[in-house]
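These entries record what I looked up in one structure, going from the whole fold to single residues.

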Amino acid sequence: MNKVMIIMGSDSDWKVMQKAVAVLKEFGVDFEVHVSSAHRTPEKTVTLVENFDGACFIAGAGAAAHLAGVVAAHTTKPVIAVPLDSGALHGLDALYATVQMPSGVPVATMAIDGAKNAGLFAVQILALNDEKLASALKSYKMKMKDEVEAKDNKIQDLASEV
């Protein structure tokens, strides 16, 4: 059950969506990845969603960005959307389309091209019922804190030399 499906509308989305894969690998979370379009392969999308036995979905799409909404319409599992910068509006169209889901069809929406955070959010969902993942997340956050403190110390040293 501790498995995540990453689904994207096009193979061109891989450049961004692979960041979610990297996070899931870092935390040892099982996943599967598919290209399936809400508009060009809607039957495939629905079949993937309905047959998935994992915990949650990460859906990346640009432009009209209906993929996360279609996924959410066919499951009761959490759906995390990644609006992608894929055109003249630089992802704002995808962000607006995704964040404005109708009442009753919730989708957690990350920032434009925010696949890394989508991966981390999926890990947080799974960590609710997995102490090992919860501990790994605590360590991850502590490492981030330590890195910021080291940067602050370096800047303090540089500032004192000016």
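Predicted model: local features only at pLDDT ≥ 70, side-chain atom pairs only at ≥ 80, totals over all residues.

**Entry 1. A helix and its cover.** I began with a definition: the expected span of a helix is 1.5 Å times one less than its number of residues. Helix α5 covers residues 115-127, which makes 13 residues, and its first and last C-alpha atoms lie 18 Å apart, close to the expected 18 Å.

I then asked which residues of α5 are buried. They are Ala 115, Ala 118, Gly 119, Leu 120, Ala 122, Val 123, Ile 125, Leu 126 and Ala 127. I also looked up what covers these buried residues, and the cover includes β1 (3-8), α1 (14-26), β3 (56-62), β4 (79-84) and α6 (131-161).

**Entry 2. The whole protein.** I counted six helices and five strands. Along the sequence they follow the pattern β-α-β-α-β-α-β-α-β-α-α. The C-alpha trace spans about 60 × 40 × 30 Å along its principal axes.

Of the 162 residues, 40% are buried. For contacts with a separation of 6 or more, I found that 66% join residues 24 or more positions apart. The protein exposes about 9,200 Å², and carbon and sulfur atoms supply 56% of this area.

**Entry 3. Nonpolar cores.** I next looked up the largest nonpolar core, which has 30 residues. Val 4, Ile 6, Met 17, Phe 27, Val 29, Ile 58 and Val 123 have the most contacts inside this core. Two or more residues each come from β1, α1, β3, β4, α5 and α6. Which element gives the most to this core? It is α5, with eight residues.

I then listed the contacts of Ile 58, leaving out residues up to four places away in sequence. Ile 58 touches Val 4, Met 5, Ile 6, Ile 7, Met 17, Ala 20, Ile 80, Val 82, Ala 118, Gly 119 and Ala 122.

**Entry 4. Aromatic pairs.** I searched the whole structure for aromatic pairs and found two. Phe 27 and Tyr 140 form a tilted pair, 5.5 Å centre to centre with 55 degrees between the planes. Phe 27 lies in the loop between α1 and β2 (30-35) and Tyr 140 in helix α6, so this pair ties together parts that are 113 residues apart in sequence. I noted that both Phe 27 and Tyr 140 are buried.

The other pair, Phe 52 and Phe 57, is also tilted, at 5.0 Å centre to centre and 55 degrees between the planes. Phe 52 has a relative accessible area of 5% and is therefore buried. For Phe 57 the relative accessible area is 0%, so this residue is buried too.

**Entry 5. Met 110.** Last, I located Met 110 in the loop between β5 (108-109) and α5. Is Met 110 buried or exposed? Its relative accessibility is 13%, so Met 110 counts as buried, the cut-off being under 20%.

Not counting residues up to four places away in sequence, Met 110 touches Ile 80, Ala 81, Pro 83, Leu 95, Asn 117, Ala 118 and Phe 121. I also looked up Met 110 against Phe 31: they are 79 residues apart in sequence and 19 Å apart in space, C-alpha to C-alpha.

Technical notes:
Residues numbered from 1 in each chain as written. Heavy atoms only, no water. Helix = DSSP H or I, 4+ residues; strand = E, 2+ residues; numbered from the N terminus. Buried < 20%, exposed > 50% of the residue type's maximum accessible area, 1.4 Å probe, protein only. Contact = heavy atoms within 4.5 Å. Core = buried A, V, L, I, M, F, W, Y, C linked by side-chain atoms within 4.5 Å. Phe/Tyr/Trp six-rings, centres within 6.5 Å; stacked < 30°, edge-to-face > 60°. Areas by Shrake-Rupley, 256 points an atom, 1.4 Å probe, with all protein chains shown as cover.
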